[in-house]
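My entries follow in the order I checked them.

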Amino acid sequence: MKNGFGFSAVAVLAVGVVLALAAPPASGFTLVEHGGEGGLLFRSIIAIDQAMMCDGSHKLPPGRYDIEVYSMGDGSVRAKFIQGGVEQCTAMGRLQRGRPNVNAQQFRFVPQGRRETLEFGAPGMDQALIGLLLPAVQLPAVQAPGMKGMAAPGKVNGGAHR
């Protein structure tokens, strides 16, 4: 009897190991922390194909970035964009709650006028939504037809207004 019990225990253990090894790896990225101030949600790598602004003053040139997203505990998130081990800029966003899992491998840029929202995750799941600005486009000044050689209003050609 003792020998039969030992054999069945070993057989159950062997089957468990085989099933564990045969199971597909978890897809996506599981939410690390569901709250807490400054808790790391996930890390990912993204590619940006056009220049963007993080906070209105830090330009983010096109390229590949390591991104770390932190939960701030109040429903907002903070994303750090890192390139070559150096933090390039930080952007704020929000955490949209769903089922507790942010798939950091699934992201997309959603244009919204002069802004883009970087969305991590799938609808129905937790999503991190990070707002980025598109830089202003500088256009050369164009003079209206027929205005060439004319002085500005209130000015007389060749001197000050009298």
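Entry 1: I began with Phe 107, whose bridge partner in strand 8 is Phe 120. I keep in mind that this is a predicted model. Next I looked up Phe 109 and found Leu 118 as its bridge partner in strand 8. Strand 7 covers residues 107–112. I count 6 bridges between strand 7 and strand 8, and the two run antiparallel. Their hairpin leaves 2 residues between the strands.

**Entry 2: strand 8 against strand 9.** I then turned to the other partner. Strand 9 spans residues 127–133 and pairs with strand 8 in the antiparallel sense, over 6 bridges. I picked out Glu 116, which stands opposite Leu 132 in strand 9. These two strands also form a hairpin, with 6 residues between them. In that turn I found Gly 121 with a positive phi of about 105°.

**Entry 3: burial of strand 8.** Is strand 8 enclosed or open? I find 5 of its 6 residues buried, so the strand is largely enclosed by the rest of the structure.

**Entry 4: Glu 119.** Glu 119 lies in strand 8, residues 115–120. Is Glu 119 buried or exposed? Its relative accessible area is 14%, and the cut-off for buried is under 20%, so Glu 119 counts as buried. What does Glu 119 touch, leaving aside neighbours within four places in sequence? I list Gln 106, Phe 107, Arg 108 and Val 110, then Gln 127, Ala 128 and Leu 129.

**Entry 5: aromatic pairs.** I counted 3 aromatic pairs. For Phe 42 and Phe 120 I get ring centres 4.9 Å apart and planes at 55°, so I log the pair as tilted. Phe 42 sits in strand 1 (residues 39–48) and Phe 120 in strand 8, so the pair ties together parts that are 78 residues apart in sequence. I checked burial for both. Phe 42 is buried at 1% relative accessible area. Phe 120 is buried at 0%.

I moved on to Tyr 65 and Phe 81. Their rings are edge-to-face, 6.3 Å centre to centre, with 85° between the planes. Tyr 65 is in strand 4 (residues 63–71) and Phe 81 in strand 5 (residues 76–83), so this pair ties together parts that are 16 residues apart in sequence. Tyr 65 counts as buried at 1% relative accessibility. Phe 81 is buried too, with a relative accessible area of 0%.

I also asked which rings are linked into a cluster. The answer is Phe 42, Phe 107 and Phe 120, through ring pairs. That brings me back to the first entry, where Phe 107 and Phe 120 are bridge partners.

**Entry 6: a charge over a ring.** I found Arg 78 over the face of Tyr 70, at 5.1 Å from the ring centre.

**Entry 7: the disulfide.** How many disulfides does the structure hold? I find 1. It joins Cys 54 to Cys 89, with S to S at 1.8 Å. Cys 54 lies in the loop between strand 2 (52–53) and strand 3 (59–60), and Cys 89 in strand 6 (residues 86–96), so the pair ties together parts that are 35 residues apart in sequence.

Terms used:
Residues numbered from 1 in each chain as written. Predicted model: local features only at pLDDT ≥ 70, side-chain atom pairs only at ≥ 80, totals over all residues. Heavy atoms only, no water. Helix = DSSP H or I, 4+ residues; strand = E, 2+ residues; numbered from the N terminus. Buried < 20%, exposed > 50% of the residue type's maximum accessible area, 1.4 Å probe, protein only. Contact = heavy atoms within 4.5 Å. Pairing = 2+ DSSP bridges. Disulfide = S-S within 2.5 Å. Phe/Tyr/Trp six-rings, centres within 6.5 Å; stacked < 30°, edge-to-face > 60°. Lys NZ or Arg CZ within 6 Å of the ring centre and 35° of its normal.
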